[in-house]
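Trainee: Please take me closely through one part of this model, the place where the two chains meet. Then carry on from there into the rest.

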Amino acid sequence: MSKTQTAVKLENVSKSFGTIQAVQNLDLQIDDGTVFGFLGPNGSGKSTTMKMIMGLLKADSGDLNVYGTDVSRNPWEVKKLVGYVPESPRLYEFLTGLEYLDFIADVYGLAAETKKTRIEEYLDAFELENRENEMISGYSHGMKQKIAIIAALLHKPKLLILDEPLSGLDPKSARIVKDLIHKLAGEGVTTIMSTHVLEIADAVCDRIAIMYQGSKLAEGKPAELRKESRMPDSTLEEIFLKLTGTSDIKDIVEALGK
Amino acid sequence: MNFKLILHMAKILALSSVRAKRTKGSVPTGFAKSPLVNILVAVIAFPVAAFLANRFVGAFLEGMSVSVFFVQVAIFLPSFMMLAAIMYGLLFEFSQSSSAGSSDAINWLPIRAVEFVLASVLSMIYFLAPILAVVFGVTLGISLSVNMVNIGLLSLVFGVLGMFMGAFLIEIVRAITNRVSASFYKRSGRTTVAIRMLVFLVVMVAFILVSNVNFLFTILQHFMGGIESAWFIPILWPSLAIMNYMNTATLQVILYSVSSLGLAIAFLWAGVKLRETYWVPAPFSIKLKPSKSYTPKRGFLGSLGFTAAESALIKKDLRGLTRRKEMIIWIAIPVAISLISLFSFQTSWETNASTIEQLALFWGPLMGVLMFSFYMTLTGIGQEGSAFLNLVITPLKEKEIVRSKLTTALSPPFFALIVLTAFIQVMLQLRFEALIAVIVALFAALFECAFVGLALGSRFPDFTEVPRARFIDQKGVLLGMLFIAVCIGVTFLPPFLYSLHILEWFPLLAAPVLSAIACVLICYVGYRATLSSLQELIRQP
């Protein structure tokens, strides 16, 4: 039996923006091939943590390792291993979808034949064929999101970091992404994703961390979280609301409805 | 019509420009960032301009009486103000990021078209306030010195009216482009890119001509004899009203005044109606070629020694240069300056002038070439906008970004400079040593523009895209201009001193050597500074 490799390891990581403590003494270990989900309300530190793993933000303290590489010391090596989809797609709108993917493929140094095969495959899978020669400025939000996801997958990354990846996607494309994440996990690709849609986290993620005010409240498989919270028959949403102290929403809704 | 809402909205529209910053989530602090600065500058500039014009205008008018000059200024002030508003508005529209067009909350709020149009006009005039203050101050100051205050005041009134007429015309254009241009783009494909570049080039040349004092005086003098017969040109009606007031033709004054006011109202009405019809901008999409099997191209740039990533960046930037409407300005300005200089070249070329005087006539095209390279690099990092993230998340090295940005900025002007140098040699027939000195100085200046521009562009980038793409912050622009002036001054100094016979005891070939040494040092410092700034940007975007 092969020993499981650690894909991502965070030790005592903290990050603040001015007086706001975005992430506080976070410890995390994600094994190779895991689909790991971050859950938490807005401003809980999910995106900040993912950006620190990616090397986009520098931690104030603590250690971050991606496949044994220290992110702060060698971010360039880490970037070669990672595919990243930001919260909202940031694309060159004056390029066509195809030109953008060609650009990304060249930046990752893909060979011409590989580039052609992968771009055509993904465009076809995400139903973007016949639209690939239009400027991105004319794309809908969902189409831009698809292009951003394809761009993150083109170089076959070992680690995928997806910040709200299904936002804006139609049901079919969302299903494709979910199935793809499962398939890639089978091939040893680790995925870290954040989502507000708890059903998606429940269905896709092997392990989940619930974040609140920069700290990790709980971590485990969905079943373990149910057990730990002593709510074995509850939905993930109920566990989430209980853990984050936001379960008492009835009064708020009533007040807003007045 | 809700006047309180109009004023509030005008303030919001103005603030959206004033506060557009790279750092999100914080309101810029400090007095220099306050929206009141514009008004304060205008309030101070008005009396200062009036005082200076009142005291010193005579000194600048060689052989022309102050009264004659004032009459010309007073008559054409309304037309000038209208053109100033139109040009400013057009520039603003062209610089607006295309991706921002349809995301304005204003499109779905319960606001009447007339309220939006008036608010938009007021916010535009807010930005023109300092220029207006200077122009009005000068007019009033001269009118006091020639004892024609009544004409001065009337000219100011019509100047304000002209400015509003220009602003209303811009609103018409804005409303039309919301919808019509979208359909146009869809049909045109690649041709659109070329047409848009051409249209903007024409607008820019017109703008520079209008801002050029020499050109304006030529036009003024040309028209002075015959403006009476220009009654059929509506935008000249305010000028005709002023001229008839000078001639005490009361009936014509009333006729042209009422007509001018009516024309302004008609422009406003058209602007409002078009805004009602074409309220929400339709996002445009250009399909560049029909879908067919994708074949990756083996790049020409690769064979020149660029890495795949560098080639990809260069191609991306060149595409952006021709496709992004907010980028076309950086091609248009150098081309316009080069074209204008051709007129002065035609009129000023004298075969018996000294070589240095003849060389000076090539300043226009040279400025155009250098400006292209300087602006391309100065805006090179900021033009990435929010998509800068692509450079951060991918395994690009800082050196690759620098090499690609420099190549994009240097390639077109490099070839243009070769042509210019050949032309200089054909015209001036320089001896070998002088030719070497000129070539080294010119190419050294070109490389310095690119390296210094990129150093400042990476230190002071402005990634703002909404409501207007700027690419570089004001401090960066000012410092960039200062640095490049000093650097080029140092590089040109050796051949210039030699031409003044100060370094005559030196062999002439020493001058290009000194220029080249200065260039290498400046470029090296610029390169290191760029790398350092990029490292900082990429680590902490």
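Mentor: About 3,800 Å² is buried between chain A and chain B, and carbon and sulfur atoms give 60% of that area. Keep in mind that this is a predicted model. The size of an interface is often given as the accessible area lost when the parts come together. In residues, 43 from chain A are in contact with 39 from chain B.

Now the charges. Between chain A and chain B the count is one salt bridge. The partners are A:Glu99 and B:Arg319, whose side chains meet at 3.5 Å, N to O.

Which elements give two or more residues to the side of chain A that touches chain B? They are helix 2 (75-81), helix 3 (97-107) and helix 4 (112-125) of chain A. Helix 3 of chain A gives the largest share, eight residues. By class, this side of chain A has 21 nonpolar, seven polar and 15 charged residues.

Step back to salt bridges in general. Over all chains, the count by this rule comes to 23. Take A:Asp60 and A:Lys15 as one of them. Their side chains meet at 3.8 Å, N to O. What does this pair tie together? A:Asp60 lies in the loop between helix 1 (46-54) and strand 4 (61-66) of chain A, while A:Lys15 lies in strand 1 (residues 6-17) of chain A, so the pair ties together parts that are 45 residues apart in sequence. The two ends sit in unlike surroundings. A:Asp60 has 46% relative accessibility and counts as partly exposed. A:Lys15 has 6% and counts as buried.

A:Arg175 and A:Asp179 form a salt bridge too, with the closest N and O atoms 3.2 Å apart. These residues are four apart in helix 6 (residues 171-186) of chain A, so about one helical turn separates them. An α-helix has 3.6 residues a turn, so residues three or four places apart point the same way. A:Asp179 counts as partly exposed, at 37% relative accessibility.

Chain B has its own examples. B:Arg431 forms a salt bridge with B:Glu433, the closest N and O atoms being 3.7 Å apart. B:Glu433 counts as partly exposed, at 29% relative accessibility. Elsewhere, a network of salt bridges links B:Lys316, B:Asp317, B:Glu384 and B:Lys405.

Is A:Ala7 buried or exposed? At 1% relative accessibility, A:Ala7 counts as buried. A:Asp31 is 24 residues from A:Ala7 in sequence, yet their C-alpha atoms are 5.1 Å apart in space. Leaving aside neighbours within four places in sequence, A:Ala7 is in contact with A:Ile30, A:Asp31, A:Asp32, A:Asn65, A:Val66, A:Tyr67 and A:Thr190.

Next, the nonpolar cores. The largest has 154 residues. Those with the most contacts inside this core are A:Val8, A:Ile53, A:Tyr100, A:Leu101, A:Leu154, A:Leu159 and A:Ile192. Helix 17 (residues 432-459) of chain B gives the most to this core, with 14 residues. Look at A:Ile192 on its own. Another core lies apart from the largest one. This other core has 54 residues, among them B:Val73, B:Ile111, B:Ile151 and B:Phe267.

Finish with helix 8 of chain B. This helix (residues 237-246) is mostly covered, with seven of its 10 residues buried. The buried ones are B:Pro238, B:Ser239, B:Leu240, B:Ala241, B:Ile242, B:Met243 and B:Asn244. B:Asn244 counts as buried at 11% relative accessibility. What does B:Asn244 touch, not counting residues up to four places away in sequence? The partners are B:Ala249, B:Gln252, B:Val253 and B:Tyr256. After helix 8 of chain B comes B:Thr248, whose phi is positive, near 50 degrees.

Methods: Residues are numbered from 1 along each chain as its sequence is written. Chains are lettered from A and ligands numbered from 1 in the order in which they are written. This is a predicted model: local features need pLDDT of at least 70, side-chain atom pairs count only at pLDDT 80 or more; totals for chains, interfaces and linings use all residues. Side-chain values use heavy atoms; hydrogens and water are left out. Contact means heavy atoms within 4.5 Å. Buried area is the accessible area (1.4 Å probe) that two parts lose on being put together, summed over both. A salt bridge is a side-chain nitrogen of Lys or Arg within 4 Å of a carboxyl oxygen of Asp or Glu. Ala, Val, Leu, Ile, Met, Phe, Trp, Tyr, Cys and Pro count as nonpolar, Asp, Glu, Lys and Arg as charged, and the others, Gly among them, as polar. Buried means under 20% relative accessible area, exposed over 50%, partly exposed in between (1.4 Å probe, protein chains only). A nonpolar core is a set of buried Ala, Val, Leu, Ile, Met, Phe, Trp, Tyr and Cys residues joined through side-chain atoms within 4.5 Å.
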